[in-house]
Amino acid sequence: MGSPWKALSDDNRRQIMLLLKEKEIITPTEIAEHFNFTMSGVSINLRILKEADLITERKEGKNRL
């Protein structure tokens, strides 16, 4: 488990958290399009947030929400 403080020390991850607060359910592709991030960048940031137990992931078919 990662540190929530370290996870939130990055501005991009704080922006992602604010977007998730508004929409609750969103795909990584939608996050990448909203912030103009690469999918690799989104994946890394989501993994860090997930390891810090700040977000959860749910799979529906091939989609991760």
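Against which helices do the buried residues of helix 4 pack? They pack against helix 1 (4-7), helix 2 (11-23) and helix 3, where contact means heavy atoms within 4.5 Å. This is a predicted model, in which local features need pLDDT of at least 70, side-chain atom pairs count only at pLDDT 80 or more, and totals for chains, interfaces and linings use all residues. Residues are numbered from 1 along each chain as its sequence is written, and side-chain values use heavy atoms, with hydrogens and water left out. Helices are DSSP runs (H or I, at least four residues), numbered from the N terminus.

**Helix 3 against helix 4**

- Helix 3 (residues 28-35) packs on helix 4 (residues 39-51) at an angle of about 115 degrees, and their axes are 9 Å apart. Axes are lines fitted to C-alpha atoms over the stretch in contact, and angles run from 0 to 180 degrees between N-to-C directions.
- The crossing of helix 3 past helix 4 is right-handed, that is, the near helix is turned clockwise from the far one by less than a right angle.
- Helix 3 contributes P28, T29, I31 and A32 to the contact, and helix 4 contributes M39, V42 and L46.
- These contact residues comprise 6 nonpolar, 1 polar and no charged. Ala, Val, Leu, Ile, Met, Phe, Trp, Tyr, Cys and Pro count as nonpolar, Asp, Glu, Lys and Arg as charged, and the others, Gly among them, as polar.

**Helix 4**

- V42, N45, L46 and L49 are the buried residues of helix 4, buried meaning under 20% relative accessible area with a 1.4 Å probe, protein chains only.
- Those residues fall within an arc of 100 degrees seen down the axis of helix 4, so they line one face of the helix. The arc is taken over the directions from the helix axis to the C-beta atoms.
- An α-helix has 3.6 residues a turn, so residues three or four places apart point the same way.
- At 1.5 Å a residue, the 13 residues of helix 4 should span 18 Å, which agrees with the 18 Å between its end C-alpha atoms. The expected span is 1.5 Å times one less than the number of residues.

**Helix 3 and F35**

- The buried residues of helix 3 are I31, A32 and F35. They cover an arc of only 100 degrees around the axis, which puts them on the same side of helix 3.
- Helix 2 and helix 4 are the packing partners of the buried residues of helix 3.
- F35 has a relative accessible area of 19%. Leaving aside residues up to four places away in sequence, F35 touches Q15, I16 and L19.
- N36 follows helix 3 and has a positive phi, near 60 degrees.

How values were computed
Helix = DSSP H or I, 4+ residues; strand = E, 2+ residues; numbered from the N terminus. Buried < 20%, exposed > 50% of the residue type's maximum accessible area, 1.4 Å probe, protein only.
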